[in-house]
Amino acid sequence: MDNLKDRVTIYQVAKAAGVSLATVSRVINKQGSVTASTREKVEKTIAELGYKPSGLAQALATNHTTNIGVIIPSPNYVYIANFLSGITQIAKEKNYNLTLFPTAHSRDEALEMIEKVISSHVDGAIVFDDQLGPDDIKKIASYNVPSIVIDNKVSAEKIGDIRFNYDEALRRFILDYYEKGGVAPMTFLHVHNAGRLLARCERIFVQTHEELNREYKVISCDDSYTRTYGDMMEYFRDHPEARKGVYIGYRDSIAAAIENAATDSGLSVPEDIEVLSLVGTKYSQIVRPKLSTMHIDMAEVGKRAMYMLAELLSKELIDKSAHFNATFVKGGSTK
């Protein structure tokens, strides 16, 4: 504890250098007119005293907070953590600070977060929340907050968007199954209030089966590995006809619950039960057999979002829309 030092203040720097506070501020923020000799003296004093400028003070001096608000669902989800990793990497490169506004998959809470973003006076925002609609997003733009919106189609002067396309990969997966002689029906696990992405995938699942005139099932589950595992154990026990077929889960944890419940019920994966995860993450690699997934590199999405926002803030963004297509990554959980 004896090695701890008091923080050096700008007042001490000004006194030691024999200049005004305003002069020290101009040197720190590289603004205004300062002679070369005075600048050298102030910089030498800063180095000798070990002065570290306050980020807030610099922001006030330059009228630029370099603060980005990021609206996300719970950061506990691996795909959201990967997304944040990409954002953080580029934010560090661009010298931006990040403030997180988690919403926990609740539209009311997401709208509350929008209000907090607006009132926090951020320079810009990245909005990744599946509960928000285009009108909700436009509210941010109406307050002159440049924003990049994830998986949400929005047209506005100061808004860019990044869109996901799972439709083609999921449709191709379904068609391939039946073209290769698949007979047992597919089952889609519906998670209540999971957002637009899952709703779109479910819609494609239903439409494709109806076009093919094929039997299918949609059953509900909780967004929880533990509860889904227990429910699927009961489901396989009580529904003998369900012990064959393909099951599609929203995320790796849901797909892993299906796979483990099937195995613990005496079924073989993928011979009896095939399992597909729509949002693949690293966890697809740690279950046995490894999960087949639909994959989008969420770290790359985060990087692209941050680059786009930086260009939007500097009025250099030309293409205001970017697209990421999901690709099927075969694991051992499908034939």
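1. Start at the end of helix H3: next comes Gly50, and its phi is positive, near 70°. Helices here are DSSP runs of H or I with at least four residues, strands are runs of E with at least two, and both are numbered from the N terminus.

2. Bear in mind that this is a predicted model, where local features need pLDDT of at least 70, side-chain atom pairs count only at pLDDT 80 or more, and totals for chains, interfaces and linings use all residues. Residues are numbered from 1 along each chain as its sequence is written, and side-chain values use heavy atoms, with hydrogens and water left out.

3. Now look inside H3: Val42, Thr45 and Ile46 are buried (under 20% relative accessible area; exposed is over 50%, partly exposed in between, with a 1.4 Å probe and protein chains only). Down the helix axis, the buried residues fall within an arc of 100° (taken from the directions from the axis to the C-beta atoms), so they line one face. An α-helix has 3.6 residues a turn, so residues three or four places apart point the same way.

4. What sits over that buried side? Helix H1 (10–17) and helix H2 (21–29) are among the cover. The face turned away carries exposed residues: Ala36, Ser37, Glu40, Lys44, Ala47 and Glu48.

5. Hop over to Glu157, in the loop between strand E4 (147–150) and strand E5 (159–165). Glu157 counts as exposed because its relative accessibility is 69%. Beyond its neighbours within four places in sequence, Glu157 is in contact (heavy atoms within 4.5 Å) with Leu312 and Lys320.
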